[in-house]
Amino acid sequence: MKANNLSICVPHGKQECRLCPYCVSRMTGMYCENIDLMRQNMPKVATLARATGVTSVMITGKTEPMDSIELWGELIHVFSDFPMEIQTNSRWWHNGSHGMEELRLLKKIGVNIVAMSADDRSGIDTVCRISAIAEKTGLVVRATLNVSDRLFSTPLVRTGDVGEIIELLSSGFVRQCTFRKLSYPSSAADTPEAEWIQNHNCESLFGQVMAAQKDYIEKQGGRLVRRLPDLGVSISDIGRMSIATSDYCIQEAPADDNIRSLIFANDGHVYTSWDSSGTLLI
Ligand code: SF4
């Protein structure tokens, strides 16, 4: 068995998160949290990750991971020698007092990349503000832009003006950018989050964004630097920034023994899918 990466769904304690109306965590349900079992299984998960060829670790959560950093910061030290990325929401950083202190803490834990999601203009501004601070600590900021009509709801950013968004980001210190398609698994088709995704043109806008992005990359003389077929991702270099495109974010059933992600959940178990407890490994 081989795996591309390990996602650690960090514990959240009693924290709840309602930042996004299209939240995939609410669609796929919560685990019954067991921090003691997580702690106990941690070395075995590190062994499993190495044995299956995992090349990077993603810190994520069923809520916003920055809300509970005091619960997991120490816990995951056995993974600190892996390239490590955290997925966080730019809205968490809206408070002007957040910045250097949290970034230094992430650096100390072993994080390399801070993947900040944003879905509107104010989120993009926050990503730019934080990336300028992150640059001083050696952390790389990746902007992950969730594509819905929100992203194009200000006069500055009109539908199709993908180049404008990319230039806003690259004029800060954002080093990587991804446009993310908002989607939902078929098992969650009746949820309010799936309804929101359907009502906000996410599918058709994503198609327009991909076409506009391709045009922009060509006009800028960008070049394809990597294709990651297992992940459905292509990476293009446009000078100061790279752009990654991915058209799905929820792991579908693999055709062979290669697994996209191992998921170390906050119930202390390891799965190979976010929405199927039947994929449990340990
Ligand atoms: S930040 Fe993450 S956990 Fe919180 S609502 Fe948004 S998608 Fe869900």
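Author: Here are a few of those words, each set against its rule. This is a predicted model, where local features need pLDDT of at least 70, side-chain atom pairs count only at pLDDT 80 or more, and totals for chains, interfaces and linings use all residues. Residues are numbered from 1 along each chain as its sequence is written.

Reader: What makes I113 count as buried?

Author: The rule says buried if 20 or more other C-beta atoms, placed from the backbone, lie within 10 Å of a residue's own, exposed if 12 or fewer, and partly exposed in between. I113 has 20 C-beta neighbours inside 10 Å, so I113 counts as buried. I113 sits in strand β4 (residues 113–118); strands are DSSP runs of E with at least two residues, helices are runs of H or I with at least four, and both are numbered from the N terminus.

Reader: Which residues does I113 touch, leaving out those up to four places away in sequence?

Author: Those are E85, V140 and R142, where contact means C-beta atoms, placed from the backbone, within 7 Å. I113 and I86 are also 6.4 Å apart, C-alpha to C-alpha, though 27 residues apart in sequence.

Reader: Why is α4 called oblique to α5?

Author: Helix α4 (residues 100–109) and helix α5 (residues 121–137) have axes that come within 10 Å and cross at roughly 45°. Axes are lines fitted to C-alpha atoms, for helices over the stretch in contact, and angles run from 0 to 180 degrees between N-to-C directions. Under 35 degrees is roughly parallel, over 145 roughly antiparallel, 65 to 115 roughly perpendicular, and the rest oblique. That makes α4 oblique to α5. M100, L103, R104 and K107 of α4 meet I133, A134 and T137 of α5 there.

Reader: And what angle do α5 and α6 pack at?

Author: About 25°, with their axes 8 Å apart. α5 and α6 are therefore roughly parallel to each other. I124, V127 and C128 of α5 make the contact with I165, L168 and L169 of α6.

Reader: How many residues of that contact are nonpolar, polar or charged?

Author: Six are nonpolar, with no polar and no charged ones. Ala, Val, Leu, Ile, Met, Phe, Trp, Tyr, Cys and Pro count as nonpolar, Asp, Glu, Lys and Arg as charged, and the others, Gly among them, as polar. The shell around the ligand, by class, has five nonpolar, three polar and two charged residues.

Key: Contact = placed C-beta atoms within 7 Å.
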